[in-house]
Amino acid sequence: MKYDPLPASLYIENRKRFVARMKPNTIALLSANELVANNADGYYRFVQNSNLLYLSGLDQEEVVLLLFPDAPNPKWKEMLFIRKTNEHIQTWEGWKYSKEEAKEASGVQTVRWYDELESALRGMVGHFDAVYLDINEHERNSLSTHTSGHKLAQMFTDQFPAHAIHRAAPILTSLRAIKAQPEIDALQVAMDITEHAFRRVLAFVRPGVTEYEIEAEITHEFLRRRATGHAYDPIIASGANACVLHYIENKAPCAAGDLLLMDFGAEYANYSADLSRTIPVSGSFTDRQKAVYNSVLRVQKAAIEMLVPGTLIEDYHKEVGQLMTKELVDLDLITMEEVKNQNPDLPAYKKYFMHGTSHFLGLDTHDVGNRYLPMEAGMIFTCEPGIYIPEENMGIRIENDILVTHDGPHDMMANIPREVEEIEALMQKVGV
């Protein structure tokens with residue numbers, strides 16, 4: 001691992017909070033993600049199941065966590081099943097957790113080999129009534145992939161069809177939305193690494209460089225500072241490309257006079273930073289670019305102030321929409337007549353600001369959380385308004401990551417330049 005593991009005490013506490021919400025005389029089964037083949041004998045980079053990681057801390061394939069808080073045998077209360085390593089695996093693949101290392105990382109005291117799971121379940125199946133299974137229920141998930149969670153669920157229902165099934169996802173969605181201090185610390189490291197990459201880019205960008213060269217500068221800075229890599233595919237979009245919200249081709253040259261919209265974030269210890277900044281390729285904003293940029297910045301600053309306990313996300317998005325409407329009218333992009341006659345389900349501002357302002361952030365870039373419940377202290381949200389004007393070849397987005405606290409919003413990216421004057425001064429200092 002490139003990163004420093006988080007303390008086992010975090011995972012011990014996470015499991016305590018999880019089992020406190022389980023029904024009496026039940027077990028929970030959570031599995032690691034699988035290695036996914038790309039072509040021939042290669043694999044995509046392994047990414048752990050966030051729920052399994054949240055409860056165990058183990059960042060490896062072929063891991064199952066079994067929780068049985070009401071177990072008659074104390075050794076059954078918490079059990080890990082991990083991949084059994086050998087000399088061949090160590091030679092070809094390298095390090096895997098030993099039983100002692102798994103105990104140390106997770107705080108789980110009973111660790112057995114992965115291939116012993118079914119026999120262990122048979123030995124205890126008469127002593128519990130139901131099982132909690134972990135299937136991806138993220139509201140943005142639209143894939144039909146048959147995951148390791150599906151396979152574990154299928155194995156259990158095939159072997160033990162008389163037992164009731166409960167859903168682990170609602171419990172974990174609620175728990176994961178509130179970050180513990182070690183998680184906040186890991187996220188701050190990811191954001192600090194992201195800041196270093198942005199400052200590197202400010203010193204690099206000039207007319208004629210390509211979007212992929214800028215991506216390479218970011219990647220270099222991420223890896224040299226022990227990030228696992230990008231938390232998501234970076235968007236490096238110059239000129240009209242910035243009006244494509246999920247532009248990830250990153251192949252065009254950056255032209256003098258254009259703006260460059262960048263949306264990227266480092267992943268550290270499986271936690272994701274998420275930053276957007278828009279800068280002038282030539283080092284200075286035109287008057288029109290500055291006017292649009294400052295409109296976005298005003299909306300962002302006002303929106304951040306709303307990220308406090310008790311705020312309802314749906315109401316928040318509506319309020320931000322009203323702020324954006326005023327800015328777009330002042331920029332002569334929409335008229336008050338259009339606002340007056342707008343479709344309430346598709347407000348006029350949506351022509352130039354199509355996406356939401358905030359999403360949950362944590363182990364996943366679009367982290368789990370219930371957007372229909374009030375915000376609580378310990379939640380972390382992005383704040384990312386934008387204005388996209390295809391007819392002017394201009395797209396601007398500004399995004400910071402905000403921790404909700406009882407003392408008001410805490411901007412975890414407050415040190416990353418975003419004012420026009422800051423950005424211009426830093427770029428002109430290196431002679432753009």
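## Aromatic pairs

The count of aromatic pairs comes to eleven, where rings of Phe, Tyr and Trp (its six-membered ring) pair if their centres lie within 6.5 Å. The ring centres of F18 and Y132 are 6.5 Å apart and the planes lie at 75°, so this pair is edge-to-face (planes under 30 degrees apart count as stacked, over 60 as edge-to-face and the rest as tilted). F18 sits in helix α1 (residues 8-19) and Y132 in strand β5 (residues 130-133); the pair links distant parts of the chain, 114 residues apart. Helices (H or I, at least four residues) and strands (E, at least two) are DSSP runs, numbered from the N terminus.

## Basis of the model

This is a predicted model, in which local features need pLDDT of at least 70 and side-chain atom pairs count only at pLDDT 80 or more, while totals for chains, interfaces and linings use all residues. Residues are numbered from 1 along each chain as its sequence is written, and side-chain values use heavy atoms, with hydrogens and water left out.

## Helices α5 and α6

Helix α5 (residues 117-124) packs against helix α6 (residues 148-159) at an angle of about 40°, and the axes are 12 Å apart. Axes are lines fitted to C-alpha atoms, for helices over the stretch in contact, and angles run from 0 to 180 degrees between N-to-C directions. The angle makes α5 oblique to α6 (under 35 degrees counts as roughly parallel, over 145 as roughly antiparallel, 65 to 115 as roughly perpendicular and the rest as oblique).

On the α5 side the contact (heavy atoms within 4.5 Å) is made by L117, E118, L121 and R122, and on the α6 side by L152, M155, F156 and Q159. By class, this contact of α5 with α6 has five nonpolar, one polar and two charged residues. Ala, Val, Leu, Ile, Met, Phe, Trp, Tyr, Cys and Pro count as nonpolar, Asp, Glu, Lys and Arg as charged, and the others, Gly among them, as polar.

## Helices α10 and α13

Helix α10 (residues 287-304) and helix α13 (residues 420-429) have axes 11 Å apart and pack at about 130°. That angle makes α10 oblique to α13. From α10, K290, Y293 and N294 meet V420, I423 and E424 of α13. The contact of α10 with α13 divides into three nonpolar, one polar and two charged residues.

## A three-stranded sheet

Strands β13, β16 and β17 form an open sheet in the order β13-β16-β17, with antiparallel pairing; two strands pair if DSSP finds at least two bridges between them. The edge strands, β13 (380-383) and β17 (410-411), each pair on one side only. Strand β16 (residues 400-403) is joined to β17 by two bridges, and the bridge partner of I402 in β17 is D411.
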